[in-house]
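Here is a friendly walk through one protein chain, meant to be read with the structure open beside it. Take a moment to turn the view around before starting.

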Amino acid sequence: MEDKNISGEKMYKIASHIGCSVAGVTSDAYALLNYARLSANRHHYTYQEPMAAEDLCRLLCDEKQLYTQYGGVRPFGVSFLLAGWDRHHGYQLYHTDTSGNYNAWRAYAIGQNDQVAQSLLKRDWKPELTLDEGIVLCLRVLGKTMDTVKLSAERLEVAVLHKVPAPATQKLLEPYGVLPKTVPEFKILRETDLKPLIAEADRQREAEEAAEAEKEKKKEQKLTSS
């Protein structure tokens, strides 16, 4: 059976501190994911520290760009939205396109109706959002861009990257040989975790729709009275 803690249909764990979502040709994504996981593990084994998120992103993009230079091969037809944490820059989010370019973002969307999703994120995302508030915002965006009337935990995949207490078996040292108190964890949420968040997203959507309807009603009344 598939291990949902490592991968789903669109969400994948690369290392404990890095994960991604993909849009495009899934088989191409698998090839690049295997390359990314191998590179991250090699770096960890060689230097005894996690690979920096941007270094892994750059390595992936170099591999993508290589396949645009030669005849007889085709470019990888997949985009990545890569989330990571490292001690140099903290939390990071990168988008890689099919040509091998990448950019850093605070919030971004890829895939179907990505332009609509990006405009909604630009309007509603705020740096002070909590983790749960950020998930609810993403669910609201999905609700407005997916071809479905109502969100369902069975049809959604949501992953988070957050800090958790370091396990007792933690052997990876921070600089100067200090054991870290917390470590980053990339985790795909279970359906039971998603259901209350979906309920909150639906409640906010209904409140927003009611406010819009009331606004339109007042506008019509104003036009009628004038």
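This is a predicted model: local features need pLDDT of at least 70, side-chain atom pairs count only at pLDDT 80 or more; totals for chains, interfaces and linings use all residues.

The chain is divided into domain 1, residues 8-105, and domain 2, residues 111-217. Their C-alpha centres are 21 Å apart.

How many residues of each domain are in contact with the other? On the domain 1 side there are 22, and they meet 13 residues of domain 2. The two domains bury about 1,300 Å² between them, with 69% of that area on carbon and sulfur atoms. In domain 1, Met11, Trp85 and Tyr91 lose the most area to domain 2, and together they account for 39% of what that side buries. Polar pairing is found here too: 4 residue pairs are in polar contact across the interface, whereas the count of salt bridges across it is 0. Strand 1, strand 2 and strand 3 each supply at least two residues of the domain 1 side that touches domain 2.

In soluble globular proteins, nonpolar side chains tend to be buried together. In this model, the largest nonpolar core has 20 residues, and those with the most contacts inside it are Ile14, Cys20, Val22, Val78, Phe80 and Leu82. At least two residues of this core come from each of strand 1 (11-15), strand 2 (18-24), helix 1 (26-47), helix 2 (53-66) and strand 3 (78-86). Which element gives the most to this core? That is helix 2, with 5 residues.

Leaving aside neighbours within four places in sequence, Val22 is in contact with Lys10, Tyr12, Ala29, Val78, Ser79, Phe80 and Ile110. Apart from this core lies another, of 13 residues, among them Ile135, Leu139, Leu151 and Val158.

Asp28 is found in helix 1 and counts as buried, because its relative accessibility is 7%, under the 20% cut-off. The side chain of Asp28 makes a polar contact with the side chain of Arg74, at 2.7 Å. Beyond four places in sequence, Asp28 touches Arg74, Pro75, Phe76, Gly77 and Val78.

His43 is also found in helix 1. At 17% relative accessibility, His43 counts as buried. Not counting residues up to four places away in sequence, His43 touches Gln48, Glu49, Pro50 and Met51.

## Salt bridges

The structure holds 13 salt bridges. In one of them, Glu49 pairs with Arg87, with the closest N and O atoms 2.9 Å apart. Glu49 sits in the loop between helix 1 and helix 2 and Arg87 in the loop between strand 3 and strand 4 (90-96), so this pair ties together parts that are 38 residues apart in sequence. Glu49 is partly exposed at 24% relative accessible area, and Arg87 is partly exposed at 45%. Another salt bridge joins Arg58 and Asp55, whose closest N and O atoms are 3.1 Å apart. These two are 3 residues apart in helix 2, so about one helical turn separates Arg58 from Asp55.

Lys144 forms a salt bridge with Glu208, at 3.0 Å between the closest N and O atoms. Lys144 lies in helix 4 (residues 131-145) and Glu208 in helix 5 (residues 191-225), so the pair ties together parts 64 residues apart in sequence. Salt bridges that share partners join Arg123, Asp124, Arg140, Lys144 and Glu208 into one network.

Technical notes: Residues are numbered from 1 along each chain as its sequence is written. Side-chain values use heavy atoms; hydrogens and water are left out. A nonpolar core is a set of buried Ala, Val, Leu, Ile, Met, Phe, Trp, Tyr and Cys residues joined through side-chain atoms within 4.5 Å. Buried means under 20% relative accessible area, exposed over 50%, partly exposed in between (1.4 Å probe, protein chains only). Helices (H or I, at least four residues) and strands (E, at least two) are DSSP runs, numbered from the N terminus. Contact means heavy atoms within 4.5 Å. Domain bounds come from an automatic or database domain assignment. Buried area is the accessible area (1.4 Å probe) that two parts lose on being put together, summed over both. A salt bridge is a side-chain nitrogen of Lys or Arg within 4 Å of a carboxyl oxygen of Asp or Glu. A polar contact is a pair of N or O atoms within 3.5 Å; within protein, one must be able to donate a hydrogen and the other to accept it, and residues adjacent in sequence count only if both atoms are side-chain atoms.
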